Amino acid sequence: MEADELLVLVAGGDQRAFERLYTLVCGPVFGLVRRVVRDPAQSEEVAQEVLLEAWRSAGRFDPNRGSALSWILTLAHRRAVDRVRSARAAVDREQREASRYHDPAFDQVAEEVEAGLERQLVRRCLNRLTELQRQSVTLAYYDGYTYREVADRLSLPLGTVKTRMRDGLTRLRDCLGGAA
């Protein structure tokens, strides 16, 4: 049975269908979340939340708008991006709070130089991408758009954006890994 059919059954409260759906999609969900969140423990937590959300909101799935796997992966991507943003905001809050009460215990000049060098490296690697790859990566990772939103902004099919993202991220990884 396909994920689409299973998700329709899950919407009716069928627990066995959810078990089968869980088995079918948990790998792709975890993989996507892991790529965005990076931390394995948090990725497991987010993947669990996504699958719970799929159980709770299966009734909102409309098979006429796309496949069940795409719907669930969209939930996963959104939840993972939310987690990253939340973690980043928490770190920012902690840093602001810490800076209010403590003098910096690090060499600020060295930190700024290192951060500057890292920014230059990322810019250099981004410049090695094709213009189309750079646009997609920049919109998704710097501006925080989902793949669907990137596709809409660039007036491209979602599959094309995903391909550009995959190719662009592979080239970035190779470039950044080779420079380390």
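User: Among contacts in the chain between residues at least 6 apart in sequence, what percentage joins residues at least 24 apart?

Analyst: Happy to start there, with the note that this is a predicted model. The count takes contacts between residues at least 6 apart in sequence and asks which of them join residues at least 24 apart. That share is 56%.

User: How many helices and strands does the chain have?

Analyst: From the N terminus on, the elements run α-α-α-α-α-α-α-α. The C-alpha atoms fill a box of roughly 60 × 40 × 25 Å along the principal axes. The tally for the chain is 0 strands and 8 helices.

User: Which residues are buried in helix 1, and where do they lie around its axis?

Analyst: Good one to look at down the axis. An α-helix has 3.6 residues a turn, so residues three or four places apart point the same way. In helix 1 (residues 3–11), the buried residues are Ala3, Leu6, Leu7 and Val10. They fall within an arc of 100 degrees, so they line one face of the helix.

User: How are helix 1 and helix 4 oriented to each other?

Analyst: Two packed helices are described by the angle between their axes and the distance between the axes. Here the axes of helix 1 and helix 4 are 7 Å apart, at an angle of about 70 degrees. Ala3, Asp4 and Leu7 of helix 1 make the contact with Ala68, Leu69 and Trp71 of helix 4, a set of 5 nonpolar, no polar and 1 charged residues. Since angles of 65 to 115 degrees count as such, helix 1 and helix 4 are therefore roughly perpendicular.

User: And helix 6 with helix 7: what is the handedness of the crossing?

Analyst: Helix 6 (residues 131–142) and helix 7 (residues 147–154) pack with axes 10 Å apart at about 135 degrees, and are therefore oblique to each other. As helix 6 passes helix 7, the crossing is right-handed.

User: Which residues of helix 7 meet helix 6, and how do the contact residues divide by class?

Analyst: From helix 6 come Gln135, Ser136, Leu139, Ala140 and Tyr141, and they meet Tyr147, Val150, Arg153 and Leu154 in helix 7. By class, the residues of this contact divide into 6 nonpolar, 2 polar and 1 charged.

Note on methods
Residues numbered from 1 in each chain as written. Predicted model: local features only at pLDDT ≥ 70, side-chain atom pairs only at ≥ 80, totals over all residues. Heavy atoms only, no water. Axes fitted to C-alpha atoms, helices over the stretch in contact; angles between N-to-C directions. Helix = DSSP H or I, 4+ residues; strand = E, 2+ residues; numbered from the N terminus. Parallel < 35°, antiparallel > 145°, perpendicular 65-115°, else oblique. Left-handed = near helix turned anticlockwise from the far one by under 90°. Contact = heavy atoms within 4.5 Å. Nonpolar A, V, L, I, M, F, W, Y, C, P; charged D, E, K, R; others polar. Buried < 20%, exposed > 50% of the residue type's maximum accessible area, 1.4 Å probe, protein only. Arc of directions from axis to C-beta.
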